[in-house]
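Trainee: I am new to this structure and would like to go through it step by step. Could we begin with how its parts pack together?

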Amino acid sequence: MIATLVQLLVSYLKIGFFGFGGGYAMLSLIHSEVVVHNGWLTSSEFTDIVAISQMTPGPIAINSATYIGYEVAGILGSVVATVAVCLPALTLMMLITHFFLRLSGNRYIQGVVGGMRPVVVGMIASAALLLIFPAEEEGASFIDLWSWAIFGVAVLLSARKVNPILIIVGAAVAGVVIYGL
Amino acid sequence: MRELFTILWSFLKIGAFTFGGGYAMIPLIEYEVVARRRWLTEREFCDLLTIAQAAPGPISLNTAVFVGYKRRSYGGALAAVLGTVLPSFFIILVVAIFFDQMRHNHWVDAAFRGMRPAVVALIVAPIVGLAKGMHWALIGVAAATALTVWYFGLSPVWFLIGGAACGLVWAARRGEEVER
């Protein structure tokens, strides 16, 4: 139990500290820690948590921390993971705010941010690849042609700036009709 | 002390009513922090967004720390973070506790089979916009990162460190040129 909590703490500190580029970019990092390295969840369970995070208020990184923490080690686990994912942002942002005026035009900071930008785009793409083609057979998110049809429609709607919650609710209704009836 | 509660209350509202995370939260934060409370000017808020996106961690959380710290130092930062985190923490906890019990329900399972591809689509959609206007070499870096992380299961952390190092070297060399 203690070992699991420590592992949760370490994993989510890492996710918080290297979580550049916001929500979607953090997904590949979270996937790498939670599915690949620790085997706490399968790929499809991971996708479900992303879906739930999309439909509930709050940032995906924090929602997933609370949820996965609970799945792995109960309520204590959810507290540990949530605090861990917030700590790096809290300390780093206080430092940055403190030195704000001196930092904002600094060319080294701009260089670092610019250098990480293509990596962040790659991280978002890898999160998508990981969910479309997971390493293990069991727990795939794409199960048949219907999956690809829903995917295609959702990409088009999202490109037209349709509210993501509506897209997910629509997909849930489609799922009930296709797989439930 | 009263302002600490105001900060907590403002960010509780933001935390409880912003669905979809990150970018969806920005207009609400802007309304509360700039228009309503006048804690920041429009310009300060713009600068803050740049910093919040450059720093690691969720953008909404970074924004909260900045505003809270600026108003009331450590206590303010803590109040703002608690406000942002508490609503989603309790909502997700309740969902997690109940979802475990209905996980194997026939209808719930069917709904989630439909939702999974849509979730992937939401992740794919912004990539095109982000890659647009990027130099082809940088698109190559993005593609290499995506393929290696996906296929070999390598942690993306190494690529972030590598990208940051390249950016640092580039900035230093450009600095030398400017001085010359």
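**Helix packing and chain contacts**

Mentor: In this predicted model, the axes of helix H7 (residues 145-159) of chain A and H5(B) come within 8 Å and cross at roughly 40°.

Trainee: Is the crossing of H7(A) and H5(B) left-handed or right-handed?
Mentor: The angle of roughly 40° is one part of the description of this pair, and the hand of the crossing is another. Where H7(A) passes H5(B), the crossing is right-handed.

Trainee: How many nonpolar residues does the contact of H7(A) with H5(B) have?
Mentor: On the side of H7(A), the residues that meet H5(B) include Trp148(A), Ile150(A), Phe151(A) and Val155(A). On the side of H5(B), Pro117(B), Val120(B), Leu122(B) and Val124(B) are among them. By class, this contact has no charged residues and three polar ones, and its nonpolar residues number 13.

Trainee: Which helix supplies the largest share of the side of chain B that touches chain A?
Mentor: The contact between the chains takes 90 residues from chain A and 81 residues from chain B. On chain B, the helices that each supply at least two residues of this side are H1 (2-17), H3 (42-54), H4 (59-102), H5 (106-131), H6 (136-152) and H7 (157-179). The largest share amounts to 22 residues, and the helix from which it comes is H5(B).

Trainee: How many charged residues are there on the side of chain B that touches chain A?
Mentor: Chain B gives 81 residues to the contact with chain A. When these residues are divided by class, 59 are nonpolar and 18 are polar, while the number of charged residues is four.

Trainee: How many polar residues does the contact of H7(A) with H8(A) have?
Mentor: The crossing of these two helices is right-handed. Their contact is made by Trp146(A), Ile150(A), Ala154(A), Leu157(A) and Ser158(A) of H7(A), together with Pro164(A), Ile167(A), Ala171(A), Ala174(A) and Ile178(A) of H8(A). By class, nine residues are nonpolar and no residues are charged, while the number of polar residues is one.

Trainee: How far apart are the centres of domain 1 of chain A and domain 2 of chain A?
Mentor: The domain assignment divides chain A into domain 1 (2-141) and domain 2 (143-181). Taken over C-alpha atoms, the distance that separates the two centres is 25 Å.

Trainee: What is the radius of gyration of chain B?
Mentor: The secondary structure of chain B comes to seven helices and zero strands. For its 180 residues the globule rule gives 16 Å, and the radius of gyration is well over this, so chain B is more spread out than a compact globule. The C-alpha atoms of chain B fill a box of roughly 60 × 50 × 25 Å along the principal axes. The radius of gyration of chain B is 21 Å.

Notes:
Residues are numbered from 1 along each chain as its sequence is written. Chains are lettered from A and ligands numbered from 1 in the order in which they are written. This is a predicted model: local features need pLDDT of at least 70, side-chain atom pairs count only at pLDDT 80 or more; totals for chains, interfaces and linings use all residues. Domain bounds come from an automatic or database domain assignment. Two residues are in contact if their C-beta atoms, placed from the backbone, lie within 7 Å. Helices (H or I, at least four residues) and strands (E, at least two) are DSSP runs, numbered from the N terminus. Ala, Val, Leu, Ile, Met, Phe, Trp, Tyr, Cys and Pro count as nonpolar, Asp, Glu, Lys and Arg as charged, and the others, Gly among them, as polar. Axes are lines fitted to C-alpha atoms, for helices over the stretch in contact, and angles run from 0 to 180 degrees between N-to-C directions. A crossing is left-handed if the near helix is turned anticlockwise from the far one by less than a right angle, and right-handed if clockwise. The radius of gyration is taken over C-alpha atoms; the globule rule is 2.2 Å times the number of residues to the power 0.38.
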